[in-house]
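Hi there,

Here is the structure I promised to pass on. Have a look at it first, and my notes follow below.

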Amino acid sequence: MKQEIATPNNGNSLAAECVDEASVLKILEKHDEDRGGLIAILEEIQREYGYLPEKALRVVSDKTKHSLVDVYGVATFYRSFSLKPRGKHLVCACLGTACHVRGAPSIVEELEQQLAVKAGETTADMEFTLETVNCLGACALGPVVVIDGHYSSKVRKYRVGQLVDEARRGFDSTEIGNDQRIFPIDVSCPHCNHSLMDEAFVIDGHPSIKVSVSFDHEDGSLRLSCLYGHYRISTELDIPIGTVVNFRCPHCHVQLPSTSDCSVCGAPMVPMLVYGGGMLQICSRRGCKNHMLDLA
Amino acid sequence: MITLRINGLDVSVEQGSTLLEAARFLGFPIPTLCHMDGLSPYGACRVCVVEIGEEPKTKLVSSCTYPAEERLNVRTASARVLRARRMILELLLASCPQSKTIQDLASAHGIRQQRFKQEYEDCILCGLCVRMCEEQMMAKAIGFRNRGQNRSIGTPFDIKSDVCRLCGGCIYVCPACQLRCTYTQPDKAICGGCANLAPPCLEKEQFDDMMCYMDPCVACEVEKKAQKER
Ligand code: SF4
Ligand code: SF4
Ligand code: SF4
Ligand code: FES
Ligand code: FES
């Protein structure tokens with residue numbers, strides 16, 4: 001059989017030395033009760049190191065009932081596990097049937113050229129790892145390329161370079177407008193129906209959403225980015241992270257009536273009417289990024 | 001006891017036996033490749049197919065893994081079984097023609113040609129070696145790695161295993177072995193290189209053929225070098 005695992009040792013011998021047995025043991029301890037939880041253990045190790053170091057796998061087999069062949073077999077079976085150190089950015093191109101017929105092979109080729117690695121490899125500077133998958137379940141949007149969890153749909157060859165550059169700079173600093181999932185919304189008060197948009201105060205190049213807020217004994221106003229999926233806010237108050245804030249309409253001064261609690265942190269969700277029908281709910285806790293959009 | 005019908009004969013066999021065991025016990029031959037007494041059934045090669053059920057809803061199952069069921073109607077050599085078995089053997093022959101075991105099976109089933117793309121796999125993933133190592137040698141030194149078309153047999157990390165007993169059991173059971181190691185004298189069936197229980201090639205950093213770990217064989221190469229110098 002041809003060996004597919006290229007250079008099992010050379011590549012990661014350096015990194016393997018950084019594996020600290022104690023931290024692996026800690027992970028194992030957490031999963032102590034849960035018998036047969038090998039995949040969960042490996043997932044956690046991978047989260048910690050970005051890949052599965054040989055030494056960590058040996059520790060796992062030493063300390064659990066799983067033999068090294070079994071651990072190794074599972075680790076090589078699943079695509080999401082990697083035995084080689086991976087780059088800072090993970091570029092994942094879909095080569096599933098739908099993406100294939102829409103030209104994914106040429107996209108992969110272009111990525112290979114731009115990054116100067118073959119699919120499955122990591123660039124020498126440890127910046128990028130290029131991987132391919134067989135279907136991400138978004139076939140209608142193919143060819144799909146996922147870079148660090150950011151999905152790009154209908155990727156054309158000329159966009160590849162741009163995507164790679166964006167990834168290099170980090171997606172957080174990318175210009176809004178390129179990301180399909182971030183879009184502006186207009187909202188109004190669910191009580192008086194007055195628009196909450198403030199044309200005069202611009203955030204991210206769009207009018208901001210203005211609300212009055214209070215917490216403890218402090219009062220003031222707060223402006224939110226109207227870009228759905230963006231969390232930029234601006235306020236003269238100094239709101240500590242974790243504070244649950246009261247939101248009021250700056251026009252009718254009625255508290256925005258909460259009807260549900262945040263599924264993440266349990267604080268009340270604050271509703272706003274979306275122009276065109278629908279309801280936006282944001283979590284009232286400072287720092288919690290939970291938000292939902294129900295379009296009618 | 002379980003009563004079932006094999007090839008039209010009503011018979012009883014012990015609870016918990018497989019169709020293969022039942023048929024063999026009664027003297028109906030079923031060819032096998034990945035089955036071996038003393039190892040757990042695995043069902044990888046499908047050479048042992050039999051037909052079960054009533055017309056027109058019969059199906060083909062691997063007899064080495066299928067448990068004998070009450071009143072099951074089994075045919076071990078119906079036309080459908082023979083056709084399927086021949087196809088399986090032809091495919092096996094296409095992937096691993098050098099295997100004596102497969103050649104013998106194929107010829108016993110009257111296969112005179114092979115219509116598929118010829119490959120020379122050194123492993124048919126029958127899992128015999130893995131089960132041998134785990135169940136009889138209690139070593140668990142080798143196992144399956146990867147998935148799909150990249151699936152292969154070997155040691156973790158492809159380096160010499162520290163739990164391998166160097167017993168040679170895995171090589172012994174392998175049906176895909178092109179040759180039993182013959183050192184440089186093909187007329188000798190066994191070179192003794194393996195019999196000393198430390199095949200020289202095992203000491204090497206990496207070996208990618210499990211069947212005879214010996215590609216290229218150190219001992220053989222030493223001999224070749226010596227011949228050249230002569
Ligand atoms: S030689 Fe090693 S790998 Fe092969 S069966 Fe024996 S213990 Fe297992
Ligand atoms: S190496 Fe031989 S015994 Fe092991 S799975 Fe492959 S063909 Fe079967
Ligand atoms: S590897 Fe070489 S020495 Fe060992 S059995 Fe095969 S031919 Fe003989
Ligand atoms: S084929 Fe690419 S997402 Fe399904
Ligand atoms: S012998 Fe039954 S599947 Fe191989």
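Before the first finding, a word on angles: they run from 0 to 180 degrees between N-to-C directions, and the axes are lines fitted to C-alpha atoms, for helices over the stretch in contact. Please also keep in mind that this is a predicted model.

With that in hand, let me begin with helix α8 of chain A, residues 157-169. α8(A) lies across β1 (89-94), β2, β3 and β4 of chain A, and its direction is at about 130 degrees to β2(A).

Those strands belong to an open sheet of 4 strands in chain A, ordered β2-β1-β3-β4 and with mixed pairing. At the edges stand β2 (128-133) and β4 (150-152) of chain A; each has a single partner strand, so one side of each is left without a neighbour in the sheet. On average, and with direction ignored, neighbouring strands of this sheet are turned by 20 degrees against each other. If you zoom in on β3(A), residues 145-147, you will find that this strand pairs with β4(A) in the antiparallel sense over 3 bridges. There, Val145(A) stands opposite Ser152(A) of β4(A).

Next, helix α2 of chain A, which spans residues 21-30. Its buried residues are Ser23(A), Val24(A), Ile27(A) and Leu28(A). Seen down the axis of α2(A), the buried residues fall within an arc of 145 degrees, so they line one face of the helix. What do the buried residues of α2(A) pack against? Their partners are α3 (38-49) and α4 (54-63) of chain A. On the face turned away from the buried side, α2(A) carries the exposed residues Lys26(A) and Glu29(A).

Chain B has 6 helices and 7 strands, which follow one another along the sequence as β-β-α-β-β-β-α-α-α-β-β-α-α. Of the 230 residues in chain B, 47% are buried. For contacts in chain B between residues at least 6 apart in sequence, 52% join residues at least 24 apart.

Finally, the ligand. Ligand 1 is surrounded by 11 residues, and the closest are Cys133(B), Cys164(B), Arg165(B), Cys167(B) and Cys170(B). Sorted by class, this shell holds 9 nonpolar, 1 polar and 1 charged residues, with Cys counted as nonpolar and Arg as charged.

Technical notes. Residues are numbered from 1 along each chain as its sequence is written. Chains are lettered from A and ligands numbered from 1 in the order in which they are written. This is a predicted model: local features need pLDDT of at least 70, side-chain atom pairs count only at pLDDT 80 or more; totals for chains, interfaces and linings use all residues. Side-chain values use heavy atoms; hydrogens and water are left out. Buried means under 20% relative accessible area, exposed over 50%, partly exposed in between (1.4 Å probe, protein chains only). Helices (H or I, at least four residues) and strands (E, at least two) are DSSP runs, numbered from the N terminus. The arc is that of the directions from the helix axis to the C-beta atoms. Contact means heavy atoms within 4.5 Å. A residue is near a molecule or strand if one of its heavy atoms lies within 4 Å of it. Two strands pair if DSSP finds at least two bridges between them.
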